[in-house]
Amino acid sequence: MREPDVAEVLKGSARIALEVEPPFHSYIFVERSARKCKELEALKAEYPARAERIHIEKADASVFLAEWCNQIDRRRSRAVVFLDPFGMQVEWSLLETLAATQAVDLWLLVPLGMGPNRLMTRDDLPPEEWANKLTRFFGSDEWRSRFYRPRAQPDLFGESSPVEKNAGFEGLADYFVNRLKEIFPGVAENPLVQRNSRNSPMFLLCFATANPKPSTKKAALDIAKHLLKER
Ligand SMILES: C[S@@+](CC[C@H](N)C(=O)[O-])C[C@H]1O[C@@H](n2cnc3c(N)ncnc32)[C@H](O)[C@@H]1O
C-alpha cells in the first residue's frame, strides 16, 4: 500500500514482476530500508526456482542505478526499470542517465500531487530549499515562470509577493510528460492519474522508452499505452 490516503490497494510490484511469464533473466530490487530488504528476502524465498536470478540491493536507488547504467552493455542489455518512490527522491539527473542508456524501458510513478504541488507555495515563490528541490526534480528552474504568474490583484501596500502560484495537477502532468519527451525518444502520452480516497490526483504513472530504434520504440509504446488505457 502506498499510503493510507490512496484509495486503491495494489499487489506489490516485486511480486508482480516475479510472476511475469516468461520470466526476466534477472531481477534487481533496490531498497534502502533494511527492514524492507528483509521483506524482499522473504519474498525471494517464495520463488526458489527464480532465486538465482533475484538480487536484492540495499542501496540508494539513484546511486545504484547511475552505476548500473554505466556498466551495462548497452548494445546487448535491455531492462525494464520501475521507479516507485514515496516522495521526490527521483531527480531529473537520474532520468537523464536512464535515457542515455538507449536500453531501458521506464515505468515511473511521479508524486506530482504530494511532491511538487505541495512544495509550490500558493502566495509566493517557495523558500530556497524547496525551490532547489523543485529544480533538481524537474531538471530546470523553468517551473518558476511556468507555475507562477504576476499577482492578479497587486497589493497596494507592497506587503504581498508580486507573484502567485498558477499550477494544478493537470498543468504539472502536461509539463512533466513534455519534459520526459525532451530526453526519451518515446513517451506514452496517456499517463495514468492515481487519486486518493477524496478523488484528489496524487500520482502520475508514466512510461518512457530509451530505445530509439523505431520498431522497438513503437512496440514498447503501443504496449504501454494499451496498459495505461486499460486501467
Ligand atoms: C512506494 S514504496 C515501494 C512499493 C513497491 N513498489 C511495492 O509495490 O510494494 C517506496 C519504497 O522506496 C524506498 N525508497 C525510498 N527512497 C529510496 C531510495 N532513494 N533508494 C532506495 N529505496 C528508496 C522506501 O524505503 C520504500 O520501501
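Helices (H or I, at least four residues) and strands (E, at least two) are DSSP runs, numbered from the N terminus. The model is predicted: local features need pLDDT of at least 70, side-chain atom pairs count only at pLDDT 80 or more, and totals for chains, interfaces and linings use all residues. Residues are numbered from 1 along each chain as its sequence is written.

**Overall build**
- The chain holds nine helices and nine strands.
- Its C-alpha trace spans about 70 × 40 × 35 Å along the principal axes.
- Of its 231 residues, 24% count as buried; a residue is buried if 20 or more other C-beta atoms, placed from the backbone, lie within 10 Å of its own, exposed if 12 or fewer, and partly exposed in between.
- Among contacts with a separation of 6 or more, 65% join residues 24 or more positions apart, where two residues are in contact if their C-beta atoms, placed from the backbone, lie within 7 Å.

**Domains**
- The chain is divided into domain 1 (1-59) and domain 2 (60-230), with bounds that come from an automatic or database domain assignment.
- The centres of domain 1 and domain 2, taken over C-alpha atoms, are 24 Å apart.
- Eight residues of domain 1 and eleven residues of domain 2 take part in the contact.
- On the side of domain 1 that touches domain 2, four residues are nonpolar, one is polar and three are charged; Ala, Val, Leu, Ile, Met, Phe, Trp, Tyr, Cys and Pro count as nonpolar, Asp, Glu, Lys and Arg as charged, and the others, Gly among them, as polar.

**Ligand shell**
- The ligand has 15 residues around it, of which Gly12, Ser13, Arg32, Ala61 and Asp84 come nearest; a residue is near a molecule if its C-beta atom, placed from the backbone, lies within 6 Å of it.
- By class, the shell has six charged, five polar and four nonpolar residues.
- Domain 1 and domain 2 each contribute at least three residues to the shell.
- β1 (27-31) and α3 (61-71) each supply at least two residues of it.

**Helix α3**
- The buried residues in α3 are Ala61, Leu65, Trp68 and Cys69.
- Viewed down the axis of α3, these buried residues fall within an arc of 100°, so they line one face of the helix; the arc is that of the directions from the helix axis to the C-beta atoms.
- β1 and α4 (92-100) are among the elements that cover the buried residues of α3.
- Val63, Glu67, Asn70 and Gln71 are exposed, on the face of α3 turned away from its buried side.
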